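Here is a short briefing to read with the model open beside you. Take a look at the fold first, then follow the points below.

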Amino acid sequence: MTLLTGRKALVTGGARGIGAAVAERFAREGAQGFVLDLEPALAEARSPEGWTGVPVDLRDDGDTARAFGFVADGNAPLDVLVAAAGIVPPWRDVAQLDLDEWDRVFAVNARGVAATLRHAAPLLAPGAAVVVIASLNAWRGDPNLMAYVASKHAALGIVRSAALDLGRRGIRVNGVAPGPIATDALLERMRARERERGIAASDALAQAAKATALGRIATADEVAAAALFLASDLASAITGHLLPVDGGIA
Ligand code: NAD
């Protein structure tokens, strides 16, 4: 018996990175369901066997409604929802803040997560579990990352509020708070910074590893394992919380 046998799951941002690791792990645990992601990302990815890729742009509420309408049509209710879609802007300090970029980050990381919950809420089965992929930046600041940090603080507010709204239906809402994870997205940003500012990606990764108790950064598979725990019945009395997966960052 696996932890999600017979469960219907949906993972936003599941075409690559942490979301893809979550969908793959959930599939191995017996879940079937949907990967929602931008069309180009889905075109480059392969959803786990028995899972359906559904294109969506979570910045667009009409498109999000259409995608969730497709998911609802003729299917059993959702047992597990994971909101992993997110974007990280380039590093820049407060004096360089770009407010258009701020809006783009919030459109996905805050508004997009809220829209995901809004459209998923009527489809969630009693006893369902929601996991938001937030960040340590949901409560910690970091230099040169104000827009991202603020958007992840919003994710914490969404988790806490949705847990209260949905709790009496037996639906739990939690988040995972990863530290740095060497996904393609992070490595691409680090390489861009290396080209622009000469901060070597290898040095940045070594520094991140040194800042942890374990002396290494966590992996996408380890984030997926934490999401699995929160999505499963093992976490049946846990709601409204974020679980750090960071190798131990004080
Ligand atoms: P990623 O870029 O590999 O994956 C993000 C996915 O979200 C992509 O598949 C992308 O296409 C999708 N997405 C982006 N905008 C979308 C939109 N408008 N509509 C639908 N889908 C959209 O990034 P990742 O590193 O795997 O990060 C995944 C999540 O984990 C994000 O929420 C990120 O903030 C969070 N996180 C990442 C790290 C890290 O170090 N990698 C650390 C903490 C938190």
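In helix α4 (residues 99-109), the buried residues are E101, V105, A107, V108 and N109; buried means under 20% relative accessible area, exposed over 50% and partly exposed in between (1.4 Å probe, protein chains only). Helices (H or I, at least four residues) and strands (E, at least two) are DSSP runs, numbered from the N terminus. This is a predicted model, where local features need pLDDT of at least 70, side-chain atom pairs count only at pLDDT 80 or more, and totals for chains, interfaces and linings use all residues. Residues are numbered from 1 along each chain as its sequence is written, and side-chain values use heavy atoms, with hydrogens and water left out.

- The cover over the buried residues of α4 includes α5 and α6, with contact meaning heavy atoms within 4.5 Å.
- At the start of α4, the backbone nitrogen of D100 has a side-chain oxygen of D98 within 2.9 Å.

- You will find A84 in the loop between β4 and α4.
- A84 is buried, and its relative accessible area is 16%.
- Leaving aside residues up to four places away in sequence, A84 touches T12, G13, G19 and I133.

**The ligand site**

- Around the ligand there are 28 residues, of which I18, D37, Y148, I181 and T183 come nearest; a residue counts as near if one of its heavy atoms lies within 4 Å.
- The side chain of D37 has an N or O atom 2.6 Å from an oxygen atom of the ligand.
- For K152, a polar side-chain atom is 3.0 Å from a ligand oxygen.
- I181 brings a polar backbone atom to 2.8 Å from an oxygen atom of the ligand.
- On its own the ligand exposes 830 Å², and the protein buries 93% of that (Shrake-Rupley method, 1.4 Å probe).
- Elements giving two or more residues to this shell are α1 (17-28), α6 (146-166) and α7 (184-197).

**The nonpolar cores**

- A nonpolar core is a set of buried Ala, Val, Leu, Ile, Met, Phe, Trp, Tyr and Cys residues joined through side-chain atoms within 4.5 Å.
- The largest one has 36 residues, and L10, L36, L117, L124 and V130 have the most contacts inside it.
- Its largest share, seven residues, comes from α6.
- L117 touches L81, V130, I158, A162 and L166, not counting residues up to four places away in sequence.
- Another core, of 31 residues, lies apart from it, and I18, A226, A235 and V245 are among its members.

Conventions:
Polar contact = N/O pair within 3.5 Å; in protein donor to acceptor, adjacent residues only side chain to side chain.
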